[in-house]
Amino acid sequence: SMAHSVEVRLPFLSPALVELAFSIPGELKICEGWTKYIERKAMEPYLPTAIVWNKTKTGFEAPQEKWFSENRVKDMVKESKKELERTGIFVDTASITDWRCIMLAGFANTF
């Protein structure tokens with residue numbers, strides 16, 4: 001993601017924020033079917049109603065389906081599986097997802 005200037009990390013996630021999130025009562029997180037209720041109420045004075053109460057909002061998802069349909073990535077997955085089997089880290093790579101397979105193979109090559 002970083003090589004293509006696409007942010008998929010959680011930049012505001014910190015231990016203090018997680019503790020705060022767990023301390024907030026559930027009815028302020030989801031209320032009458034509205035997710036992110038406390039954030040929506042907090043932004044109500046500052047943003048148009050159509051934005052604050054929009055239910056069609058979705059987060060950014062990396063286009064993994066597109067990536068894994070490309071031949072060069074398919075080849076990379078095949079090579080990664082071969083490498084993992086060659087090194088003996090995994091005998092049967094069929095159960096490993098393609099993305100994890102590439103990451104594990106890259107990690108295996110560091111030793």
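1. Lys36 is exposed, with a relative accessible area of 52%. Bear in mind while reading that this is a predicted model. Lys36 sits in the loop between H2 and H3, and its phi is positive, about 55 degrees, although the residue is not a glycine. Most residues other than glycine have a negative phi.

2. Glu32 also deserves a look: it is found in the loop between helix H2 (26-29) and helix H3 (37-43). The phi of Glu32 is near 50 degrees, again a positive value in a residue other than glycine. With a relative accessibility of 76%, Glu32 counts as exposed, because that value is over the 50% cut-off.

3. Is Lys81 buried or exposed? Lys81 counts as buried, at 19% relative accessibility; the call follows because buried means under 20%. This lysine has its place in helix H6, which covers residues 71-87. Once neighbours within four places in sequence are set aside, Lys81 is in contact with Thr93, Ile96, Asp98 and Cys101.

4. Which residues make the nonpolar surface patch of about 410 Å²? They are Met43, Tyr46, Leu47 and Ile51. Of these, Ile51 belongs to helix H4 (residues 49-52). Ile51 is partly exposed, with a relative accessible area of 43%, so it passes the requirement of over 30% for patch residues.

Conventions:
Residues are numbered from 1 along each chain as its sequence is written. This is a predicted model: local features need pLDDT of at least 70, side-chain atom pairs count only at pLDDT 80 or more; totals for chains, interfaces and linings use all residues. Side-chain values use heavy atoms; hydrogens and water are left out. Patches are made of residues with over 30% relative accessible area and no salt bridge: like charges are joined within 9 Å, nonpolar side chains (Val, Leu, Ile, Met, Phe, Trp, Tyr) within 5 Å. Accessible areas come from the Shrake-Rupley method with a 1.4 Å probe; for residues, only the protein chains shown count as cover. A salt bridge is a side-chain nitrogen of Lys or Arg within 4 Å of a carboxyl oxygen of Asp or Glu. Helices (H or I, at least four residues) and strands (E, at least two) are DSSP runs, numbered from the N terminus. Buried means under 20% relative accessible area, exposed over 50%, partly exposed in between (1.4 Å probe, protein chains only). Contact means heavy atoms within 4.5 Å.
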